[in-house]
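Student: I would like to go through the terms used for this model and see what each one rests on.
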Amino acid sequence: MHRIRTIACIALCLMALLPASAAEHDTHGESAPGELDMNSYIFGHIGDSYEWHITSINGKHISIPLLCIVFDDGLKVFSSRNIEENGYTLNENGKLVNASTGERPVDISITKNVLSLIMSSVLLVVLVLLSARWYKLHDPLKEAPRGLPGLMEMLITMVTDDIIKEGVGKEWERYAPYLLTAFFFIFLNNLLGIVPFFPGGANLTGNIAVTLFLAVCTFLAVNLFGNKHYYKDIFWPDVPTWLKAPIPLMPLIETVGLFTKPFSLMVRLFANILAGHIMILGVVAVIFLTAKLGPMLNGSLSFIAVIFGIFMDVLELLVAFIQAYVFTMLSSVFIGLSRQEPEEETRQIETTK
């Protein structure tokens, strides 16, 4: 019952906080009181920005200014509240451009997603160190861990036994640190993305640049440490010779497969998390889009939107875990395939038959 109340409170906070700023200004900064601009509302919350918007009260925007760092005739560091004073403006994509030349500088600013990445990384390190500290001070053979250490042990054991060992096979210890880090990083940021208030609410794992980096890490882990049999199957697979020479048909297909695997990892995580956020925002928007239809209709649809919003939040909790699980599982399988020996592959085929 306590968990249900917690979920309900989170959903109601979402209803209260998310639409506040979107109803008052559009993407280009033009005021539109009393109307909800869906373009600004949706993309304003799933996109990146140079400030962390909290809410709006009576038309006054409450936000946390972030640090802008650009290389444009030298290094320039300034607050996002002083963008125009420093000779810059935002283009149609919300990126910094030089106001006089219209050109984009080299931009390494601490944006909303960057700050969220830093905070979630620090939080993940703290959680791991706190769990490790418990094991340093206690004997796990005599005392079972509880609370945070118990939860971390359960998740680590599950990921190690059910995903890493099964997917990678022998030498799984070599890849366990990366795969565990990927799982907890994705899972933690998925959960923070559901929280509608600071320090949550950033669409980090719904940002394709972040999922691209994670996919590249798996790509490097697979291809830098693949064995001879793995590369033989790519460039000279066990198929009839006419499929390999003079036209290298199968090697070309296998080479394309090298890149489609990480591409699928990138798109799957990005699309699922982004779609979940958009669906929740769309449900919340029903309350404001029906405001002019009268109190009876608006009240009825608002009640349905709140109930469905709570359901979507609970579903997002499940999706947060599933996407972390699937990314880690597929990464483990891809790494395991790059480490297989010929006899292991033959035995696996016979077992399948």
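Student: How do you know which parts of the model to read in detail?
Tutor: This is a predicted model, in which local features need pLDDT of at least 70 and side-chain atom pairs count only at pLDDT 80 or more, while totals for chains, interfaces and linings use all residues. Residues are numbered from 1 along each chain as its sequence is written, and side-chain values use heavy atoms, with hydrogens and water left out. The predictor's confidence in each residue, pLDDT, runs from 0 to 100. Its mean for the protein is 83, and 87% of the residues reach 70 or more. Over residues 1-33 pLDDT stays under 50. Where pLDDT is low, the predicted coordinates should not be read in detail.

Student: What makes up the protein in terms of helices and strands?
Tutor: There are 11 helices and seven strands. Both are DSSP runs numbered from the N terminus, helices being H or I with at least four residues and strands E with at least two.

Student: Why is α6 called roughly antiparallel to α7?
Tutor: The axes of α6 (residues 172-194) and α7 (residues 208-224) cross at roughly 165 degrees and come within 12 Å. Axes are lines fitted to C-alpha atoms, for helices over the stretch in contact, with angles from 0 to 180 degrees between N-to-C directions. Angles under 35 degrees count as roughly parallel, over 145 as roughly antiparallel, 65 to 115 as roughly perpendicular and the rest as oblique. The α6 and α7 pair is therefore roughly antiparallel.

Student: Which residues make this contact, and of what class are they?
Tutor: From α6, Tyr175, Tyr178, Phe185 and Ile186 meet Val210, Leu214, Cys217, Thr218 and Ala221 of α7, where contact means heavy atoms within 4.5 Å. By class these are eight nonpolar, one polar and no charged. Ala, Val, Leu, Ile, Met, Phe, Trp, Tyr, Cys and Pro count as nonpolar, Asp, Glu, Lys and Arg as charged, and the others, Gly among them, as polar.

Student: What makes α5 roughly parallel to α10?
Tutor: The axes of α5 (residues 147-168) and α10 cross at roughly 30 degrees and come within 7 Å. That angle is why α5 is called roughly parallel to α10. The α5 side of the contact includes Ile163, Ile164 and Gly167, and the α10 side includes Met329, Ser332 and Val333. The contact has 10 nonpolar, four polar and one charged residues.

Student: How do you know whether Ser332 is buried or exposed?
Tutor: Buried means under 20% relative accessible area, exposed over 50%, and partly exposed in between (1.4 Å probe, protein chains only). Ser332 has 0%, so Ser332 is buried. Ser332 lies in α10 and, beyond four places in sequence, touches Ile163, Ile164, Gly167, Val168 and Leu179.

Student: On what value is Ile164 classed as buried or exposed?
Tutor: Ile164 has a relative accessible area of 0% and is therefore buried. Ile164 is in α5, and its contacts beyond four places in sequence include Trp172, Ala176 and Ser332. Its C-alpha atom is 8.3 Å from that of Val333, 169 residues apart along the chain.

Student: What about Gln323: buried or exposed?
Tutor: Its relative accessible area is 8%, so Gln323 is buried. Gln323 is in α10, residues 295-338, and touches Asn190, Arg268, Leu269, Asn272 and Ile273, leaving aside residues up to four places away in sequence. Across the protein, buried residues make up 39% of the 353.
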